Amino acid sequence: MNVEQALDYTMQPSMPLLFGGEGALQSERQKNEEALRALLDAYATSDEPGFSFDIVRQLADRNRGLCDQIGEAKLRNVNSVALARGLSDADICQGIAALQQRPAEEVEREVAGDRDAFAVAYVSAQVRGTIVGIDIETTGTAPERGYIINMGLELMELTADAEPFAGGERFYGLPEEPYRTAGVPLTQIHGITWSDLEGKRPFRADTEAQAALLDLMKRYPIMAHNASFEDSWFRLHLNGYAEARRAGEIVVVDSRDICRRLDGEVAALPRESAPASLENWARRRGTLSAGEKERHLGLADADLMLRTVQAEFSLKNMFSPRA
């Protein structure tokens, strides 16, 4: 499906139930997601996409309702068309530059297309300023099918002795059908149950909170562990986010990339041990004791991430000395 066909498709009514059965629902979902892929690719790569990203978010909303009819469990192992595998090299350069408060072009010249040079770029200048640590919990891995149900964030100054501040956490609701009966997906990981979400406004419906969040993201770089996950979800769930990212108004920093580039133990540890996971990195840096586990809730994980990044930066003498 090309972009023109995808745009035409978004204008068509969704009527899978008129033709009966799960097969019709799955066929409609596949068409939705084919159109989503075409539009997301065009928006990311075209100088002038020729359409508003509102169209993309609306199609994702439509697809989400369809997937609820199919059932989350039946789609759990179906690959997402909207989940990025990682941030781009340009995003990483922009993130390094934001931490060091210098032009991204300088970092790009230093890296010169060599991904191995990112490790040097991270420590080539001292870090300063304020960052927003953020973490979300969701009903799955596919932002075009699932929901954001928990989000936590807090700010931290980039100094060796800073304490994270202005932290907050919020739960977001799910449609009563099918989730009141079927239960909250992935509860075995995050521990969130229907009682936590009952009566709560869904993230997509909380436009006031969305506007405040978007404003905060434009003011400070945002950091998340495996940030391409949050980035992919916010594109389809947070009004104005994709547009601001495209305009360079939001900078995303991936703490997992920081771990992989700066923590020399990562390369020596078995890959199957997930050495760059937040939990394992935090244990190595002493921000999580041997007997503790990552909480998998927004505010707790955002706080753990910020403290672990701080410990890594301190170890590498990356903070500006106090006057």
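Hi everyone, some ground rules before we start. The model is predicted, so local features need pLDDT of at least 70 and side-chain atom pairs count only at pLDDT 80 or more, while totals for chains, interfaces and linings use all residues. Residues are numbered from 1 along each chain as its sequence is written, and side-chain values use heavy atoms, with hydrogens and water left out.

Let's begin with the sheet. Five strands make an open, mixed sheet in the order β3-β2-β1-β4-β5. Strands here are DSSP runs of E with at least two residues, helices are runs of H or I with at least four, and both are numbered from the N terminus. Two strands pair if DSSP finds at least two bridges between them. β3 (165-171) and β5 (252-254) each have a single partner strand, so one side of each has no neighbour in the sheet. From one strand to the next, the twist averages 25°. β4 (residues 222-224) pairs with β5 in the parallel sense, over three bridges, and methionine 223 stands opposite valine 253 in β5.

Now the helices on the sheet. α5 (residues 89-100) touches β1 (130-138), β4 and β5, and its direction makes about 95° with that of β5. α17 (residues 298-315) lies across β1, β2 (148-157), β3 and β4, at about 30° to β2. For these angles, axes are lines fitted to C-alpha atoms, for helices over the stretch in contact, and the angles run from 0 to 180 degrees between N-to-C directions. Contact means heavy atoms within 4.5 Å.

Which residues have the most contacts inside the largest nonpolar core? They are Phe234 and Phe313, in a core of 60 residues. Such a core is a set of buried Ala, Val, Leu, Ile, Met, Phe, Trp, Tyr and Cys residues joined through side-chain atoms within 4.5 Å. Buried means under 20% relative accessible area, exposed over 50%, and partly exposed in between, with a 1.4 Å probe and protein chains only. A second, separate core of 17 residues includes Tyr9 and Phe51.

Tyr9 takes us to α1 (residues 3-10), where Ala6, Tyr9 and Thr10 are buried.

Finally, glutamate 22 lies in α2 (residues 21-45) and is partly exposed at 36% relative accessible area.
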